[in-house]
Amino acid sequence: MVNWYSKGFEEAEAQVAANSQSFTRDFFLKSGDEVQFNILDDEPLNIRDHFLNGKGWFTCIQGIGDENCPLCESGNKATNHFVFNVLDPREYTSKATGETYKNQVKIWRVGITLLRVLEKKRAKYGPLTKLDITISKMGQGQSVSYDIEVDKREKAVKLPEEEKLYDLTEVLAPKTRKELVNIMNNVSSPAPSSDNDDDDDEEIDWKKS
Ligand SMILES: [Zn+2]
């Protein structure tokens with residue numbers, strides 16, 4: 001049986017770490033957006049994941065261990081996603097804190113169509129990390145389309161001092177079946193940490209899609 005508490009100072013830190021691990025800032029575009037940004041990984045990390053309304057993305061666990069994926073069982077279709085760290089220059093002000101942010105590292109989940117476009121650019125212009133990428137998004141859902149233009153950079157992108165890359169294998173690591181079931185049932189899902197505040201504007205975007 002799983003304890004409903006842990007005791008001690010170290011355990012307290014471990015608990016907070018466990019609950020904030022899944023927090024990532026995601027890179028989103030709304031229809032009509034045009035952004036010049038940078039990809040920070042030479043290659044994507046390729047995963048299958050599920051989208052849960054209001055809760056975000058969860059890596060599919062079907063076929064990777066002994067447990068069946070409860071999201072697959074529920075009829076939620078897994079998506080192939082190819083994930084990069086990116087540097088998003090866009091500036092925005094958090095409604096919750098009133099603070100303004102820009103130049104943040106985010107993770108970008110790309111579908112196969114867009115990945116193939118990026119692959120073509122890479123073949124023609126060289127490593128993605130050495131390109132300034134301008135992307136614009138038009139339309140939504142089934143009728144979405146992207147336009148991508150690139151410019152070669154002299155050197156690699158320099159991150160702002162306080163930013164670092166996400167360890168993708170860590171932040172995208174699959175949860176257990178039990179954790180997924182709890183999330184699906186809305187039981188004991190971790191309270192949004194205060195770190196989530198700067199995510200406000202974008203949260204709305206993925207809830208709608
Ligand atoms: Zn699944």
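Student: How many residues lie between β8 and β9 in their hairpin?

Tutor: Six, and in that turn G139 has a positive phi of about 80 degrees. Strands (E, at least two residues) and helices (H or I, at least four) are DSSP runs, numbered from the N terminus. Keep in mind that this is a predicted model: local features need pLDDT of at least 70, side-chain atom pairs count only at pLDDT 80 or more, and totals for chains, interfaces and linings use all residues. Residues are numbered from 1 along each chain as its sequence is written.

Student: How many bridges join β8 to β9?

Tutor: Two strands pair if DSSP finds at least two bridges between them. Here β8 (residues 131-138) and β9 (residues 145-152) run antiparallel, with eight bridges. D132 stands opposite D151 in β9.

Student: What span should helix α3 have?

Tutor: Take 1.5 Å times one less than the number of residues. For the 14 residues of α3 (residues 112-125) that gives 20 Å, and the end C-alpha atoms are 20 Å apart, which agrees. Just after α3, G126 takes a positive phi of about 100 degrees.

Student: Which residues have the most contacts inside the largest nonpolar core?

Tutor: In soluble globular proteins, nonpolar side chains tend to be buried together. A nonpolar core is a set of buried Ala, Val, Leu, Ile, Met, Phe, Trp, Tyr and Cys residues joined through C-beta atoms within 7 Å; buried means 20 or more other C-beta atoms within 10 Å of a residue's own, with C-beta atoms placed from the backbone. The largest core here has 20 residues, and F27, I39, L40, V83, F84, V86 and W108 have the most contacts inside it. Its largest share, four residues, comes from β7.

Note on methods:
Buried ≥ 20, exposed ≤ 12 C-beta atoms within 10 Å, placed from the backbone.
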